[in-house]
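Subject: Structure handover

Hello,

Here is the structure for you to take over. My notes on it follow below.

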Amino acid sequence: MRFAPDPDRDARYLEDAEAPTPAGTTLPEALIRFALPPAPKYRDDAGGAPGAEPRAVLAPRTAEDCAGILLALQAEGQPCVVQGGRTGLSGGARVRPGETVISLERMTAIERIDPVAGLMIAGAGVVLEQAQQAAAAAGLFLAADLGARGSATLGGMAATNAGGPLALRYGSFRQQVLGVEAVLADGTIIRRLGGLMKDNSGYDLSQFLIGTEGTLGIVTRLALRLYPAPAGRRVALCALAGVGDALALLPDLRAGLGPALQACELIVAPLLEAACASQNLRYPFAAAAAAALLIEVAGPDPDAEADRLEALLARAIESGRVADAVLSQSEADCRRLWALREACSHHLLHLPATTGLDISLPIPAIPDFLAEAGAWLAGRAEPAVFGHLGDGNLHYVLPGRHGPDVLAPLFSLLAGHGGVITAEHGIGLDKVAYLPSCRLPGEIVAMARLKAAVDPGWILNPGRVIPVPAELQR
């Protein structure tokens, strides 16, 4: 059954989340068996803004359950928001007034690991860390990692096309997905879990859904690519005189280390010093550094990779590109060095209030953008900057809560350097107004047409990624 858009209802979806929550409604009988008790955790995500009380929380176990739920909600004209681990930072899982939650927390089975095909079949509610551990137990490697690995779910990672430090070598989460089972907003089930490396039999609907933030359909199961587990890794942390030196070093790292280069993480001063102080960690260098670069190599012969990395860093120190360096000698050392990088996130998460931006830039544009943005922000906010240098993704965090008066000029500057407003966390609710800074009007209209084609009632994650367009409200 298909429903035409309702302009009045669609306008309500876009109202401020502080609007009063409407009174609850009685669930249709077909949905009662999926209902969970209400709890505060379902109101919002890690973005920090408060959400509304959901009308109901529904937790399907299968794609067929999910299809039944969506058909019933379509018949009621009832908007819904899909939730996984609720670790997103753009408000995509935050409940708006009048919405019902569809939680994927019951879809937690790791059904199969095939070492011959290099394949894992897992439910959308499986937590990343559990999937990593299951792959490791089979002698394989899931090439995806996030700081929120203990909470982020596979379905949410597919919905947002999550990145992380391993994207430098393996690509974003899209490259780890060989196929999905998913349910479109009209109840249509898509099931592409064969794990075929090559499949040109029509449109690739799995890849079509990845990165759409649950606005076109709900991913319920995934076929994930697995790799042979590396025999070991080595990590170095380098002190640099500035971000420009990090960029100058990057081509040498790529040429000298090849595919063994697994991560290349930038930390701009004074963030590392502040993180060490707040997290009770020892600052790793003898003198303060304007920037630090964490480098990880991994492969079948970690000792050989370590030798190449050490020789490369020795040349960089002789040339003056690197002021100081610490190189791991064991897996425990690797964990200690990564703890310094992850301490940056922990430090910022414990600040009273922040505005976290997740930006992507052409790598050569990073120094100029940081200099110009820092000059513009002088007297307003001092940004904390760190992120994935190898793929141009920076986490740009401002102390305090900031609105359009700060963000709009900052995003305009970003666009002027060829950047976009999100690299990993998505648009969600919080960045919808800024999407035109990095996408052409025709592109946004095309997105809205795709949305209307698969969700004519605009019930699935309404208002996320794109606003309800005027031409669909007539």
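Lys 41 sits in the loop that runs between strand 1 (35–36) and strand 2 (57–58). The model is a predicted one, and everything below should be read with that in mind. With a relative accessible area of 44%, Lys 41 is partly exposed, because that class covers values between 20% and 50%. Leaving aside residues up to four places away in sequence, Lys 41 touches Arg 86 and Glu 105. Gly 51 is 10 residues from Lys 41 along the chain, and the C-alpha atoms of the two are 9.7 Å apart.

His 395 is part of strand 18 (residues 393–399). Is His 395 buried or exposed? His 395 has a relative accessible area of 9% and is therefore buried, the cut-off for buried being under 20%. Again not counting residues up to four places away in sequence, His 395 has contacts that include Arg 341, Leu 357, Asp 358 and Phe 386. Also among them are His 388, Glu 424 and His 425.

Next, the helix packing. Helix 7 (residues 243–257) packs against helix 11 (residues 366–377) at an angle of about 170°, and their axes are 9 Å apart. This makes helix 7 roughly antiparallel to helix 11, since angles over 145 degrees are classed that way. On the helix 7 side, the residues that meet helix 11 are Val 243, Gly 244 and Leu 247. On the helix 11 side they are Ile 366, Pro 367 and Leu 370. Sorted by type, the residues of this contact are five nonpolar, one polar and no charged.

Then the aromatic rings. How many aromatic pairs does the structure hold? There are five aromatic pairs. One of the aromatic pairs is formed by Tyr 283 and Phe 285, with 5.8 Å from centre to centre and 90° between the planes. That pair is edge-to-face, because the planes are over 60 degrees apart. Tyr 283 and Phe 285 are both buried. Elsewhere, Phe 141, Tyr 170 and Tyr 227 are linked into a cluster by ring pairs.

Two tryptophan rings have a charged residue over the face. Arg 380 lies over the face of Trp 376, 4.1 Å from the ring centre. Lys 451 lies over the face of Trp 458, at 5.6 Å from the ring centre.

Last, some backbone details. Ala 269 and Pro 270 are joined by a cis peptide bond, with omega about 10°. Pro 270 belongs to the loop between strand 13 (261–268) and helix 8 (271–278).

Glu 213 is not a glycine, yet its phi is positive, at about 55°. Glu 213 is placed in the loop between helix 6 (205–209) and strand 10 (217–225). Its relative accessibility is 12%, so Glu 213 counts as buried.

Asn 280, also not a glycine, has a positive phi of about 55°. The loop that holds Asn 280 runs between helix 8 and strand 14 (291–299). Is Asn 280 buried or exposed? Asn 280 counts as exposed because its relative accessibility is 72%, and the cut-off for exposed is over 50%.

Regards

Note on methods
Residues numbered from 1 in each chain as written. Predicted model: local features only at pLDDT ≥ 70, side-chain atom pairs only at ≥ 80, totals over all residues. Heavy atoms only, no water. Axes fitted to C-alpha atoms, helices over the stretch in contact; angles between N-to-C directions. Helix = DSSP H or I, 4+ residues; strand = E, 2+ residues; numbered from the N terminus. Parallel < 35°, antiparallel > 145°, perpendicular 65-115°, else oblique. Contact = heavy atoms within 4.5 Å. Nonpolar A, V, L, I, M, F, W, Y, C, P; charged D, E, K, R; others polar. Phe/Tyr/Trp six-rings, centres within 6.5 Å; stacked < 30°, edge-to-face > 60°. Buried < 20%, exposed > 50% of the residue type's maximum accessible area, 1.4 Å probe, protein only. Lys NZ or Arg CZ within 6 Å of the ring centre and 35° of its normal.
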